[in-house]
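This report covers a ligand site and the strands of the fold. Please look at the sequence and the structure before reading on.

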Amino acid sequence: MAAEVRPRLTVLSGPSGVGKSTVVAHMRKVHPEVWLSVSATTRKPRPGEQGGVHYFFVTDDEFDKLVANGELLEWAEFAGNRYGTPRAAVMERLDRGEPVLLEIDLQGARLVRESMPEAQLVFLAPPSWEELVRRLTGRGTESQEVIERRLEAAKTELAAEAEFDTTLVNTSVEDVARELLALMAVV
Ligand code: 5GP
């Protein structure tokens with residue numbers, strides 16, 4: 001008997017600045033039906049970011065409550081802010097058999113692996129270290145101090161690649177988005 005093909009939880013992770021959000025945005029343009037979890041964060045919105053779309057922007061107190069009430073599937077502190085995945089929306093979709101995508105940092109990916117071993121962990125790698133530095137610096141939205149913190153975190157994150165099930169190298173947004181969709185069994 002053929003094994004049941006069941007959509008599962010896919011986690012996309014990789015260093016800050018590698019292009020995770022660009023890949024995800026492209027993927028959703030081509031396949032709007034793919035559902036991406038919207039995280040809660042204590043970070044302030046960047047220009048153009050909308051609450052409820054890119055993130056749920058919350059205060060420290062509100063984040064504390066989400067944690068205390070067990071409403072987050074996982075959460076982590078990253079470069080001075082907290083980020084977490086609201087649990088209920090993810091579980092509802094998985095229960096309905098729909099594919100779910102999380103775009104989260106390395107610590108979050110590790111927590112998901114612990115609590116949901118069947119999740120598929122995908123690592124998005126930069127074509128080179130130089131390219132990652134260029135992208136993080138060129139974004140122009142963060143201060144030098146924040147960039148330094150993110151580059152420091154990136155070194156740790158790059159070293160964790162072997163913990164993931166699959167690595168995709170971000171040479172082309174279109175290619176990576178297509179590969180990710182195939183891994184999620186959407187196409
Ligand atoms: P940014 O501030 O650049 O939007 O995100 C910083 C880092 O936090 C990125 O690596 C992003 O993937 C990660 N991140 C976003 N949402 C979540 C989340 O819900 N949980 C965790 N653990 N990391 C997240």
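In what order do the four strands of the open sheet with mixed pairing stand?

## Basis of the model

This is a predicted model: local features need pLDDT of at least 70, side-chain atom pairs count only at pLDDT 80 or more, and totals for chains, interfaces and linings use all residues. Residues are numbered from 1 along each chain as its sequence is written, and side-chain values use heavy atoms, with hydrogens and water left out.

## The mixed sheet

The order is β4-β3-β6-β5. Strands are DSSP runs (E, at least two residues), numbered from the N terminus. Two strands pair if DSSP finds at least two bridges between them. β4 (56-57) and β5 each have a single partner strand, so one side of each lacks a neighbour in the sheet.

β3 (residues 40-41) pairs with β6 in the antiparallel sense, over two bridges. T41 has Y83 of β6 as its bridge partner.

## The parallel sheet

Five strands form an open sheet with parallel pairing. Their order is β2-β7-β1-β8-β9. At the edges are β2 (35-36) and β9 (166-169), each pairing on one side only.

β1 (residues 9-13) and β8 (residues 120-125) are joined by four bridges in the parallel sense. Here T10 stands opposite Q120 of β8.

## The ligand site

The ligand sits in the largest pocket. A pocket is found on a 1 Å grid over the protein atoms alone; it is an open set of points where a 1.4 Å probe fits, with protein on both sides within 12 Å along at least five of seven lines. Sitting in it means that more than half of the molecule's atoms lie within 2 Å of its grid points.

Polar contacts are pairs of N or O atoms within 3.5 Å. A polar side-chain atom of S39 is 2.7 Å from a ligand oxygen. For T85, the distance to an oxygen atom of the ligand is 3.3 Å. An N or O atom in the D105 side chain lies 2.7 Å from a ligand nitrogen. The protein covers 95% of the 520 Å² of accessible area (Shrake-Rupley, 1.4 Å probe) that the ligand has on its own.

How values were computed
Polar contact = N/O pair within 3.5 Å; in protein donor to acceptor, adjacent residues only side chain to side chain. 1 Å grid on protein atoms, 1.4 Å probe; cavity = no way out; pocket = protein on both sides within 12 Å on 5 of 7 lines; lining within 4 Å.
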